[in-house]
Amino acid sequence: MALQAAGRRSLVDTVVDALRAQLTAGEWPVGSRIPTEHALAEQLQVGRNTVREAVRVLAHAGMLRSRQGEGTFVVSTADPGDILRGVRRAGIRDVLELRIALEAEAARLAALRHRPDDLERMRAALDAQAELTDPSGQPGSGSLELYADHDIAFHQAVVDAAHNTALTATYGWFSSSVREALVSALDDQAMPKIVHGDHRAVLDAIAAGDPDAAERATRDLLEKPKRAVEALLGEPPTATPPH
């Protein structure tokens, strides 16, 4: 079967995916020797150097091991990357659950207590984030970290607009975990992407002085990724009830 690189993915990435699929499907049991570079190159219709690099990637991932003069053997048919992604997703879910508890109440209070400069901070953060998006509305290549920073700045501005010292201090301490989870989610193709309209809905409700709408918009914004994570983890959805 001939392989072609899709989009920006390299041919090596494509071969890695093909070999990983054969490993996880059990085509080559643990302890067995995989076909030679020459055989794999003919099977996949790619160069031997491409196969060699793909095998090196899978060896680094702990799925294969090369033995000098003997060949390459299967160490594991489970992709460690899948396991690590599962762990990261569980962490993202935990962070989202706490975010809903903190930010929904913060948005409610912000609708009642915000000042003009609070709204300006929120708008500035969303505008700066929008400048980093591509035509599809998603962060451009190489801008995930800065994109995440602007997203955090928006949510921090919402919390600060509640004008509750304890809430601001708690969220400030927690924000590093929020950022880490956000960057992981942005880099996870299976996770839903940020929708700027959802953030604008939070801002509009706060600006209108509507605490119920502000809380509801915040819950809606954060429930979407939480449900996605639960689906990826194979867990039943657990909607967070409003106050």
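## A helical chain and its cores

Read along the sequence, the chain follows the pattern α-α-α-β-β-α-α-α-α-α-α. That pattern is made of 9 helices and 2 strands, where helices (H or I, at least four residues) and strands (E, at least two) are DSSP runs numbered from the N terminus. You are looking at a predicted model, in which local features need pLDDT of at least 70 and side-chain atom pairs count only at pLDDT 80 or more, while totals for chains, interfaces and linings use all residues. Residues are numbered from 1 along each chain as its sequence is written, and side-chain values use heavy atoms, with hydrogens and water left out.

**The chain as a whole**

- Of the 243 residues, 40% count as buried; buried means under 20% relative accessible area, exposed over 50%, and partly exposed in between (1.4 Å probe, protein chains only).
- Among contacts with a separation of 6 or more, 66% are between residues 24 or more positions apart, a contact being heavy atoms within 4.5 Å.

**The nonpolar cores**

- In soluble globular proteins, nonpolar side chains tend to be buried together.
- A nonpolar core is a set of buried Ala, Val, Leu, Ile, Met, Phe, Trp, Tyr and Cys residues joined through side-chain atoms within 4.5 Å.
- The largest such core here has 44 residues, and those with the most contacts inside it are Ile92, Met122, Phe154, Val158, Leu167, Val202 and Ile206.
- Two or more residues each are given to this core by helix H4 (80-113), helix H5 (116-130), H6, H7, helix H8 (196-207) and helix H9 (211-232).
- H4 supplies the largest share of this core, 10 residues.
- Another core lies apart from it, with 18 residues that include Ala18, Val46, Leu58 and Met63.
- Not counting residues up to four places away in sequence, Ile92 touches Ala181, Ser184, Ala185, Met191 and Val229.

**Helix H7, with a kink**

- The 22 residues of H7 should span 32 Å at 1.5 Å a residue, and its end C-alpha atoms are 30 Å apart, which agrees; the expected span is 1.5 Å times one less than the number of residues.
- H7 has a kink of about 45° centred on Phe174, the bend at a residue being the angle between axes fitted to the seven residues ending there and the seven starting there.
- The buried residues of H7 include Phe174, Leu167, Tyr171 and Val183.

- His199 lies in helix H8 and is buried, with a relative accessible area of 4%.
- Leaving aside neighbours within four places in sequence, His199 is in contact with Leu126, Asp151, Phe154, His155, Ile194 and Leu221.
- Glu145 lies in helix H6 and is partly exposed, with a relative accessible area of 43%.
- Glu145 and Val183 are 38 residues apart in sequence, and their C-alpha atoms are 6.7 Å apart in space.
- Leaving aside neighbours within four places in sequence, Glu145 is in contact with Arg179 and Val183.

**Loops with a positive phi**

- Gln45 is not a glycine, and its phi is positive, near 60°.
- This residue lies in the loop between helix H2 (37-44) and helix H3 (48-60), and Gln45 is exposed, with a relative accessible area of 54%.
- His163, also not a glycine, has a positive phi of about 50°.
- You can find His163 in the loop between helix H6 (144-160) and helix H7 (165-186), where it is partly exposed, with a relative accessible area of 32%.
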